[in-house]
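I opened a new notebook page for a structure I had not seen before. Here is what I looked up.

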Amino acid sequence: MDQAEVGVNVDENDNNIEDELNELNERCQKMRENDPDISQIEYFYEVVSDETLQRICDSLQDNTVVDWILMEGCSVTSKGCCALGEMLEKNHRLRHIVLNTNRNMGLEGITALMEGLAKNNKLETIMLEDVDFHGAQGSLTAVANALERNIILKEISMGRNNLGGDEFKDFAFSLRNNKSLLSIELGQCQLGDTDVEILFESIEKHPSLVRVDLTGNLLTSAISESLARLLRRNTILQDIAITTNALGPVGAENIAVALETNQTLKKLIMGRNEIGEAGAKAFGRSLPKMRGLRELFLASNNLAAEALEAITVGMKDNTSLHSIRLGNGDGGTPIPPDIMKKVKFYERRNKLGWSTLNQSRTTLPSGLWAEILGKLGSEEDPSMLHFFLTEAAGNIFEV
């Protein structure tokens, strides 16, 4: 049986209700019997009635095969959510549940779902994007209570919800007692500096969290001091996405300086933050001292040539960056070709590893020195010379 064809809706207005009921009953029976061909339940933007969802949940209580439920945009109601919560208390197989864009789950439904999550010992991912937490006041507190009790969940995604305010404090504080989460996605949640400051304080000593996504919120340069403090004190985080905010040049400088001593963050996504020339130059000054960062995204900050050159100069003495993105997007100022060539070289050089390049420079064929030096104009950077020699076809510059 095709995994993507598990579901059949029961609709009292359907002329074929008897056939659909029979088909649903047959499939639910197979799930009760742990049919190995049914490992996923997928509905995508089709209405899933309360009755259908109840039958599915009943068949999953003792199921040991199905590990994924996708019900995105399916008009799941409070009653349906209660059925899911009851099932989660008893099921010991499910790993992932996606309930994005179900805006009628209500306080009662979300509370029941979170109660099931708190008692579940297998679920690793729950996605609750665009479910109207704001319209179901108290539901974010229910999430907080579940996170304090659950010891297994690794990823929670709540993007595209209005989460700013007092209840968000409950959520943030709950993370101080959580020990399992690896990733939190809070993009487009209308979070302000005060909200995120509490979040950063709460995850400062989190033992497992490696990724936080705060894309598209209401953050300004004021939050950069809290983020800088987090980067100085936290030794677990590896990936922060904070693009499409308004951190500006001051925010860029605070973060860049903090990254001079941070050894664990591997990826920073900070595009569309209006960092300007001053912010770009701040990164340029700090890049030679950064030793942990592997990926830096500063795209769509509309950086002029002078700002881009400052970053390129900083990259010359950086040994860690494997990828940097500086493009200005559609309609923005294009990156000058000479700067792009340098950026690509420094990326590839760092991927090869400085120590290897420096050790091997003494083995270069002596007959090629004059030609290479003529192209580069200096022999002060032996790793660069080695790069051009090993790139026989001249992939970046013509040799």
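Before anything else, I noted that the expected span of a helix is 1.5 Å times one less than its number of residues. Helices here are DSSP runs (H or I, at least four residues), numbered from the N terminus.

The model is predicted, with local features needing pLDDT of at least 70, side-chain atom pairs counting only at pLDDT 80 or more, and totals for chains, interfaces and linings using all residues. Residues are numbered from 1 along each chain as its sequence is written, and side-chain values use heavy atoms, leaving out hydrogens and water.

Entry one, helix 12. I found 16 residues, 337-352, reaching 23 Å from first C-alpha to last, close to the expected 22 Å. Which of its residues are buried (under 20% relative accessible area, 1.4 Å probe, protein chains only)? I listed Ile339, Val343, Phe345, Tyr346, Glu347, Arg349 and Asn350.

Entry two, helices 7 and 8. Helix 7 (residues 193-203) packs on helix 8 (residues 224-233) at about 10°, axes 9 Å apart; the axes are lines fitted to C-alpha atoms over the stretch in contact, and angles run from 0 to 180 degrees between N-to-C directions. That makes the two helices roughly parallel (under 35 degrees). Helix 7 brings Glu197, Phe200 and Ile203 to the contact (heavy atoms within 4.5 Å), and helix 8 brings Ser226, Leu227, Arg229 and Leu230.

Conventions. Angles under 35 degrees count as roughly parallel, over 145 as roughly antiparallel, 65 to 115 as roughly perpendicular and the rest as oblique. Buried means under 20% relative accessible area, exposed over 50%, partly exposed in between (1.4 Å probe, protein chains only).
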